[in-house]
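Visitor: I would like a short tour of this protein model. Please take it step by step.

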Amino acid sequence: MMNTANIIDRYNLQNDDASELSTDEELALAQEVYDDICNERPWEWLKSTFTDVTSTTLPYIALPANFREFSQNKNGEIVVFVGNDYSEYKVIPFSSRRDYRNKSGFCYVDVVNSRLYFTLQPTSVMNIEFDYIRYAPSLTLSTEPLVTTDQFGNLIAYGMAVKFSNIEQADKASGVSSYQSENRVQYNNILSDLRLQDSNLKIAM
């Protein structure tokens, strides 16, 4: 298990301590790489389940604070499960909401206000459940990424080394850029392994 401080140490080792970044800058670089990885695909480890209840006075519920996007959860579609019988409410595009006004069984996302609206006002309090892709918590020096394996920590470290090489490329005397190709190969190899693992998990499900 590698926390962010361990990952930064691994990055500095890979960089032969050539980095002149401050601790805050190293943490920001680690976060940038972590964000790139998280945004690369809808990873299984970013999936979460949200539960709430409908309101009889408001046509919406607030989305979770870490909501990024819905996860496809029904035959390649996105549905919200409502009530004890898990009735399926299809999530429609925001621009289509007027076509479904006052029709039951549909909902849409208001991204700006972080709300899930129902096209027909619920008349009773019912349970709601859906799967979604979350934003990962921000890194701190003492916390770990959501994936705590050494392999994942090394992925971030190699990604940091690649990005640092890009930053320092103008400085030909530094010699840092000479490691860029090697670091990029290692980064891509680990990322490919993780993609395969993720794909296998999706197929198994």
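Guide: A polar contact is a pair of N or O atoms within 3.5 Å. Keep that cut-off in mind for the start of the chain. One more point: this is a predicted model.

Visitor: Which backbone nitrogen does the side chain of Asn3 reach at 3.1 Å?

Guide: Asn3 sits in the segment before H1. A polar contact needs N or O atoms within 3.5 Å. At 3.1 Å, the side chain of Asn3 reaches the backbone nitrogen of Ala5.

Visitor: How far is the backbone nitrogen of Asn6 from a polar atom of the Asn3 side chain?

Guide: Look again at the side chain of Asn3. From one of its polar atoms to the backbone nitrogen of Asn6, the distance is 2.9 Å.

Visitor: Is Asn3 buried or exposed?

Guide: Leaving aside neighbours within four places in sequence, Asn3 is in contact with Leu141, Ser142, Thr143 and Glu144. Buried means under 20% relative accessible area. Asn3 has 18%, so Asn3 counts as buried.

Visitor: How do H1 and H2 pack, parallel or perpendicular?

Guide: Their axes are 10 Å apart, and the angle is about 95°. Angles of 65 to 115 degrees count as roughly perpendicular. So H1 is roughly perpendicular to H2.

Visitor: Which residues of H2 make the contact with H1?

Guide: Take the H1 side to begin with: Thr4, Ile8, Tyr11 and Asn12. On the H2 side, the contact is made by Glu26, Leu27, Leu29 and Ala30.

Visitor: Which element gives the largest share of the largest nonpolar core?

Guide: This core has 27 residues, and Tyr11, Ile37, Phe152, Leu155, Ile156, Met160 and Tyr187 have the most contacts inside it. Helices H1 (4-14), H2 (23-38), H3 (150-168) and H4 (180-204) each give two or more residues to this core. The largest share, eight residues, comes from H3.

Visitor: How many residues are in the other core, the one with Leu63?

Guide: This core lies apart from the largest one. Among its members are Leu63, Val80, Phe118 and Ile128. Its residue count is 16.

Visitor: What is the phi of Asn102 near?

Guide: Most residues other than glycine have a negative phi. Asn102 lies in the loop between strand S5 (87-91) and strand S6 (106-110). Asn102 is exposed, because its relative accessibility is 56%. Its phi is positive, near 65°.

Visitor: Where is Ser114, another residue with a positive phi?

Guide: Phi of Ser114 is near 55°. Ser114 is partly exposed, with a relative accessible area of 29%. Its place is the loop between S6 and strand S7 (115-118).

Visitor: How far apart in space are Ser138 and Lys47?

Guide: Ser138 is in the loop between strand S8 (127-134) and H3. Ser138 counts as exposed, because its relative accessibility is 56%. In sequence, Ser138 and Lys47 are 91 residues apart. In space, C-alpha to C-alpha, the distance is 16 Å.

Visitor: How many disulfides does the count come to?

Guide: Cys38 is buried, at 5% relative accessibility. Cys107 is buried too, at 0%. A disulfide needs a pair of cysteine sulfur atoms within 2.5 Å. By this rule the number of disulfides is zero.

Conventions
Residues numbered from 1 in each chain as written. Predicted model: local features only at pLDDT ≥ 70, side-chain atom pairs only at ≥ 80, totals over all residues. Heavy atoms only, no water. Buried < 20%, exposed > 50% of the residue type's maximum accessible area, 1.4 Å probe, protein only. Core = buried A, V, L, I, M, F, W, Y, C linked by side-chain atoms within 4.5 Å. Helix = DSSP H or I, 4+ residues; strand = E, 2+ residues; numbered from the N terminus. Polar contact = N/O pair within 3.5 Å; in protein donor to acceptor, adjacent residues only side chain to side chain. Contact = heavy atoms within 4.5 Å. Axes fitted to C-alpha atoms, helices over the stretch in contact; angles between N-to-C directions. Parallel < 35°, antiparallel > 145°, perpendicular 65-115°, else oblique.
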